Number of protein chains: 2
Amino acid sequence: MTRGPVQGKAIFAGILSFLFASMALRGQCAPNLNLMPMPGKVQVGSGTLKIDTNFNVSFVGYREARLDRAGQRFLVQLHRQTAIVFAPAQPDPPKATLIVTTDHESKPVQELGEDESYTLEVSGSGAKLHAANPLGVLRGLQTLLQLVAISSDGFVVPGVTIQDQPRFPWRGLMIDSARHFIPLDVIKRNIDGMEAVKMNVFHWHLSENQGFRVESHKFPKLHEMGSDGLYYKQDEIRDIIAYARDRGIRVVPEFDMPGHSTAWFVGHSELASGPGPYQIERKWGVFDPAMDPTSDKTYKFLNELIGEMAKLFPDQFFHIGGDEVNGKEWDANPKIQEYMKVHGIQNNEGLQAYFSQRVQDLVVKHGKTPVGWDEILIPGVPKSIVIQSWRGAESLAAAAKQGYRGILSNGYYLDLGWTAARHYAVDPLSGAAANLTLDEQKLVLGGESCMWSEFVNSENVDSRIWPRNAAIAERLWSPADVRDLASMYARLAVVSEWLEWFGLTHRSYQRPMLQRIAGSSSAEELAALTALAQALEPVKDYTREENATVEPTSQTPMNRVVDAVHLESEPSRRFSVKVDEFLASSCRDVAKAAELRSQLTKWAANDARLQPLAQRSLLVKEAGPASAAFSQAAELALGALDRITQGLPLTDDLKKQQLAALEAYELQAHKAQLTLPARLAFQKVIEAAAANGSCAAPR
Amino acid sequence: MTRGPVQGKAIFAGILSFLFASMALRGQCAPNLNLMPMPGKVQVGSGTLKIDTNFNVSFVGYREARLDRAGQRFLVQLHRQTAIVFAPAQPDPPKATLIVTTDHESKPVQELGEDESYTLEVSGSGAKLHAANPLGVLRGLQTLLQLVAISSDGFVVPGVTIQDQPRFPWRGLMIDSARHFIPLDVIKRNIDGMEAVKMNVFHWHLSENQGFRVESHKFPKLHEMGSDGLYYKQDEIRDIIAYARDRGIRVVPEFDMPGHSTAWFVGHSELASGPGPYQIERKWGVFDPAMDPTSDKTYKFLNELIGEMAKLFPDQFFHIGGDEVNGKEWDANPKIQEYMKVHGIQNNEGLQAYFSQRVQDLVVKHGKTPVGWDEILIPGVPKSIVIQSWRGAESLAAAAKQGYRGILSNGYYLDLGWTAARHYAVDPLSGAAANLTLDEQKLVLGGESCMWSEFVNSENVDSRIWPRNAAIAERLWSPADVRDLASMYARLAVVSEWLEWFGLTHRSYQRPMLQRIAGSSSAEELAALTALAQALEPVKDYTREENATVEPTSQTPMNRVVDAVHLESEPSRRFSVKVDEFLASSCRDVAKAAELRSQLTKWAANDARLQPLAQRSLLVKEAGPASAAFSQAAELALGALDRITQGLPLTDDLKKQQLAALEAYELQAHKAQLTLPARLAFQKVIEAAAANGSCAAPR
């Protein structure tokens, strides 16, 4: 289920506290509060707190080592943001700048639905953070870090009072470490990023056709033969779990069954429904191999493995996958067909339901609560399970009506290349879910963004998660009526910069990749490549695989322009906003027209600047047609813009011709798996030029 | 001793093999060989070796685990450079793309003067690397990595035959981890950088007034009380030593005595000549505290400590510092004065010599060879010691004449902010050393660049070392007649990019720092700040401390524009080169004039673009006067350029006035510890404009 952006509607929903706050700020020319997720309630106070070398923290009330570490990390982070060297710490100075009060402990293993609320008061004389338990403290510390800004007096925090709590209790990021292995340091910095935007569930997709990524002591052939040596040791997993717990984040492991499991069968073909032998899968897609649901061996094995993994992962929830079985191995196996006949199992859905039920029983037997994709919801399963919906909010609402808890992932697939605005518009309680009773709505626990890893590796994965994931985090944390797109994008830009201080490479990754693509080249040539890369995006949804001339595999180098471009082009987005503003002025805004003209002129000229490089580098050459298409498209828009400003109408024929050309340019870019995100803005300019030579306000 | 750049002289020194090679390449339009250090002998062959997923390595001849690890690291590095995913490795494939032949082992503890030579042959069908021992293999692998380039066929290595060996056996980088603590990961990536440019000694400056940075089991108060908790554990040191050994790099520890040792006295005031108590020093400079050379306690302590450290650090050489004792504590201590009288020690130099001799004896007793700064060379010390000269090549030559071995550091102080060209011109065998006999010249072991850390931390230290250190590495490795500056700078630019693949942050550090300085700002404002930062440099030599309005300490935040600018401005250097070319054309090169005009126009307009930001950020505001000065200086040069192209002579009065203004602008920039490196080029333009309205070729 996808839904378009809902622009600006919330403005009419009433005077919201955050809007009031931000308006008040604008009135007094105070700095904007670049908070994301936007807190539940923000009141701007007077005074500003200066951050200097004497800044210090004390903890009052309930104490634990995790809080001390959080205080240390806070200071490290504050140092990164300001470079201020803090005076050597005294333990709990009586008159600390920041006084943190915690009422009581949180659960020894973090649980779903624990209190994460906090209040934060900042004045000229200091800051006070109060929370019921350490989780709220962690959330509040991140808010405080976001408030730090440089001013004409140095680094300061504006006076402010914030009361904050999450809208949904399950706010997750799933990372697929199985299709491409994601190293530990990359996992850690993304957990840091999750903490920064107040997400609280790291869902770790650990097994796939392409790899089994966890060390198993019971069945070492799983990781030894199923991972090319790229797996996490159990100590490393424990380290990640402790790391996440320190940041108020639960770790939910996923072992996908009965499909998506080829890598298991490399060492354990006895689990499979086919004859084997099996190799680690190198291609992408849905494949035939599936576990044998009719064999006792399978359940004996899974009982032991789930037992081992249930001990390794302390979280209450245990994800068993359950998605996308094509059933071909089942159809082809006479033993399985016979079993189905004997046991009255009518079809593969029934067989999968049977398997799912037995695996869920094993999970429950080992003290855990099963989570799975939509497919595991079968008549009669206990109400305790949690459905993760890749199908959509309708599916989630249907589950809630039956009394099942669910989390939304449809609409939050980060690998599809959607804009932040599009993800932001997806709400777990929208559509059919909006009509649920309040009690049913409580069964909708929240959502999870998903980073499937066909086309990411440690070099570019951060850029595929961030900054867009911060917009999803806001959707899941902030009040439902926080929806203004202009505000979201303004804050997202600042938060994106801020996230770099956590070690995320979502901005810094690009230059080295473009340098690699360009080889040793002049600054001018590299600038042309950068301008191109920053104006384009990868093709959306699942079309990348469709458009590939050579089928991509896990061995395909990710060194192409498509691997280096951002998933959302900021220059193109800004250009599109300016086009809308220009057209809304009935094309009378001369300054805006000049800005548009300047951008279009540069874009139109860019291809010529890039050509020498395309001669020398195969990787630039591949993007050559997209570059030409982009410059030609900009040239068309430039011509149309000139007609508008000169009052020379575009004929209907020319309009049709140009729109067709735009379409052709877009298709030309697809050859390198690239798309021209500014094309809709170009189209608007052309259409406006045709509208009787003047232009009508759009929409 | 400093010497200016010797530009282009080597061109007349004969037809050098590298020049021949690069000319041959140019003739056939093949890619340039961006090698640094330039190998002893390069012959360009035919064909190119394509790098693809089937690339693999096999080792022939002598084998050891270090070689296997080197092969693995080579593949990791090759993956970073190309993003190619190499097919899962078979051990030693018979028809490998790269065949590495090693004759025999190297010494178990790497020694001074071991053979580091190698030969590398690349053809269309494969590459062969041959070396006597693993050290040569390590050097050759780096050369091969530097040869990889993107082409219209993808990633390739040009056909080439290289015979290579170092000119000097001691090619070091000293990092001062004491004034500012440098974390282990930063040390490691700099060791990677050293390997990349074939340096072989990591000199680790571990103790200072500001910190004692090594864990001592014998005297734990040294690190516990003398480091603010910022010290290396012995296991971490061993890890670094193993890491360096894997990369063919020796680790020489330095414990600076009897001065530069305040931090020792915080826990062990009994070693000091003053009454104490002592605190960790927070300021920079030369301070009074010094060890008591007259107390047996001192030598007993040092005997045990040196014994402990001699075991920890396996290298044959052990650095005892010995520099800069001001003698004030000795003068003020009656017991010491009495001792000197009794023992006939005539002055503080004599007292230091006495101390130095006794400490050298201790070092020798523990099986090590002492190294120290110039001061340790006192009449009668054994010929085995090594002098590290901060005083200069003259001092080194004098030592060699007496039969002492030496290494040059004067001229290689990276913290002084010199240009790469200026460091590059410094030769350990220049000046007085050039007149040494061949045998005496052999006593000049090489050199060491020094990264003193008053004004660096983990965020910007890489940028203070690299890329300039690569030019020093070339001076110490390549034949003496490799001196062409244009070639050096062209290759340095490429090598600087390449070094990023080793994780060095000397290029990527800047944007986050500027972002911090700018706060949340528009792209336009950030671009103005970036343009300013990239055109300026920090003041040179030791003037930064002189110009500071507030005395800097170890607690001073390094968040200012001066901390973020590069030590050598590439835009300013390129501009200066263009000015020289323009003037050399007798100002007739119209295209060049247009380029100069375009750059000057941008620079002249930059200050206005920056002003809004200077209002909002204290850190930008501080650089405001420098920004104004820079834009005004560019404006002057622009006016002068226009006079030249229009044939309107500048009067002598105006010239004097403008040169005086330039001088004033420079001084204005100094207030923020910044300098305008393009000012000499500006001056040349003004002088040319005054030369009868036309212009004379410069020099």
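Colleague: How many residues of chain A are in contact with chain B, and what makes a pair count as a contact?
Modeller: Contact means heavy atoms within 4.5 Å, and on that basis 46 residues of chain A are in contact with 46 residues of chain B. This is a predicted model, in which local features need pLDDT of at least 70 and side-chain atom pairs count only at pLDDT 80 or more, while totals for chains, interfaces and linings use all residues. Side-chain values use heavy atoms, with hydrogens and water left out, residues are numbered from 1 along each chain as its sequence is written, and chains are lettered from A and ligands numbered from 1 in the order in which they are written.

Colleague: What is meant by the area that chain A and chain B bury between them?
Modeller: Buried area is the accessible area (1.4 Å probe) that two parts lose on being put together, summed over both; for chain A and chain B it is about 3000 Å², 53% of it on carbon and sulfur atoms.

Colleague: Why is the pair Glu500(B) and Arg511(A) called a salt bridge?
Modeller: The term asks for a side-chain nitrogen of Lys or Arg within 4 Å of a carboxyl oxygen of Asp or Glu. The N to O distance between the side chains of Glu500(B) and Arg511(A) is 2.7 Å, so the pair qualifies. The count between chain A and chain B is two salt bridges, and over all chains the structure holds 74.

Colleague: Which other pairs does the rule find across the interface of chain A and chain B, and which element of chain A gives the most?
Modeller: A polar contact is a pair of N or O atoms within 3.5 Å, where within protein one must be able to donate a hydrogen and the other to accept it, and residues adjacent in sequence count only if both atoms are side-chain atoms; 16 residue pairs across this interface are in polar contact, both residues at pLDDT 80 or more. The elements giving two or more residues to the side of chain A that touches chain B include α2 (65-82), β7 (154-164) and α23 (590-616) of chain A, helices (H or I, at least four residues) and strands (E, at least two) being DSSP runs numbered from the N terminus. With seven residues, α18(A) gives the most to that side.

Colleague: How do you know that Arg179(A) and Asp176(A) are buried?
Modeller: Buried means under 20% relative accessible area, exposed over 50%, and partly exposed in between (1.4 Å probe, protein chains only). Arg179(A) has 8% and Asp176(A) has 0%, so both fall under the cut-off. They also form a salt bridge, their closest N and O atoms being 2.9 Å apart.

Colleague: What makes the pair Asp427(B) and Arg483(B) tie parts of chain B together?
Modeller: The side chains of Asp427(B) and Arg483(B) meet in a salt bridge at 3.7 Å, N to O. Asp427(B) lies in the loop between α13 (420-425) and α14 (438-442), and Arg483(B) in the loop between α16 (468-477) and α17 (485-499), so the pair joins parts that are 56 residues apart in sequence. Asp427(B) and Arg483(B) are both buried.

Colleague: Where do Arg544(B) and Asp563(B) lie?
Modeller: Arg544(B) and Asp563(B) meet in a salt bridge at 2.8 Å, N to O. Arg544(B) is in helix α20 (residues 543-547) and Asp563(B) in helix α21 (residues 561-564), and the pair links distant parts of the chain, 19 residues apart. Both residues are buried.

Colleague: Why is Glu116(A) called buried, and which side chains does a polar contact join to it?
Modeller: Glu116(A) is in the loop between β3 (98-102) and β4 (118-123) of chain A, and because its relative accessibility is 3%, it counts as buried. Polar contacts join its side chain to that of Arg171(A) at 2.7 Å and to that of Asn200(A) at 3.1 Å. Beyond four places in sequence, Glu116(A) touches residues including Leu135(A), Pro166(A) and Trp477(A).

Colleague: Is Pro552(B) buried or exposed, and what does it touch?
Modeller: Pro552(B) is found in the loop between α20 and α21 of chain B, and at 10% relative accessibility it counts as buried. Not counting residues up to four places away in sequence, Pro552(B) touches Trp284(B), Phe455(B) and Glu545(B).
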